[in-house]
Amino acid sequence: MATTGRPSIVGPDSGPSAPYPYKMEGKVISGFGRGSKELGIPTANLPVDSALTPWISSIPSGVYFGYAAEVHVLHGFTADFYDAHMRLLILGFIREEKDYKSLEALIDDINFDCEVAKSSLARQAWKAESVGDGAEYLLKKL
């Protein structure tokens, strides 16, 4: 199993540390369509604009975790939410991207990533209201 040896919680118990949190927002766009259709794991894609999010070009490509406003991405939805405005408060890093030998291994890792995110965010210092202006940023009017 691809998740062997991976931690089930990431980040210090004291909460996010520099350079986090990162903030990002935009309208949900369609991606390659693999998340929901091929993997059974819905995703929300935001346009990457280095002019609006200059930090994005300096971080490794990978799996990050945090909070999203307007929708709860880990929640199961029966409809898509393309064109919905979404704000992200990115609080930490789970792992770098990697190549997979099988679709099953990829799905296992993504499901484990979701559990890592949930467990990591369950700590008091990682709740949106505990992270600087995190809750205000997520909930501010457009």
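Q: Which residues of the largest nonpolar core touch the most other members?
A: As a general idea, nonpolar side chains in soluble globular proteins tend to be buried together. In this structure, which is a predicted model, the largest nonpolar core has 16 residues, and those that touch the most other members are F65, L91, I94 and L138. At least two residues of this core come from each of β2, β3, α2 and α3 (134–139), and α2 gives the most, with four residues.

Q: What does L138 touch, leaving aside residues up to four places away in sequence?
A: With those sequence neighbours not counted, L138 touches Y67, A68, A69, R87, L88, L89 and A128.

Q: In what order do the strands of the open sheet lie?
A: The general idea is that strands of a sheet pair through backbone hydrogen bonds, either parallel or antiparallel. Here three strands form an open sheet in the order β1-β3-β2, and the pairing is antiparallel. The edge strands, each of which pairs on one side only, are β1 (22–27) and β2 (62–69), while neighbouring strands of the sheet are turned against each other by 40 degrees on average, direction ignored. Between β1 and β3 (residues 85–96) the antiparallel pairing runs over six bridges, and M24 stands opposite L88 of β3.

Q: Where does helix α2 pack, and which strands does it touch?
A: Helix α2, residues 103–121, packs on the sheet and touches β2 and β3, its direction making about 105 degrees with that of β3. The buried residues of α2 are D109, I110, F112, D113, C114, V116, A117, S120 and L121, and what covers them includes β2 and β3.

Q: How far apart are V63 and C114 in sequence and in space?
A: V63, which is found in strand β2, is 51 residues from C114 in sequence, yet their C-alpha atoms are 9.8 Å apart in space. Not counting residues up to four places away in sequence, V63 touches F93, I94, R95 and D113.

Conventions: Residues are numbered from 1 along each chain as its sequence is written. This is a predicted model: local features need pLDDT of at least 70, side-chain atom pairs count only at pLDDT 80 or more; totals for chains, interfaces and linings use all residues. Side-chain values use heavy atoms; hydrogens and water are left out. Two strands pair if DSSP finds at least two bridges between them. Axes are lines fitted to C-alpha atoms, for helices over the stretch in contact, and angles run from 0 to 180 degrees between N-to-C directions. Contact means heavy atoms within 4.5 Å. A nonpolar core is a set of buried Ala, Val, Leu, Ile, Met, Phe, Trp, Tyr and Cys residues joined through side-chain atoms within 4.5 Å. Buried means under 20% relative accessible area, exposed over 50%, partly exposed in between (1.4 Å probe, protein chains only).
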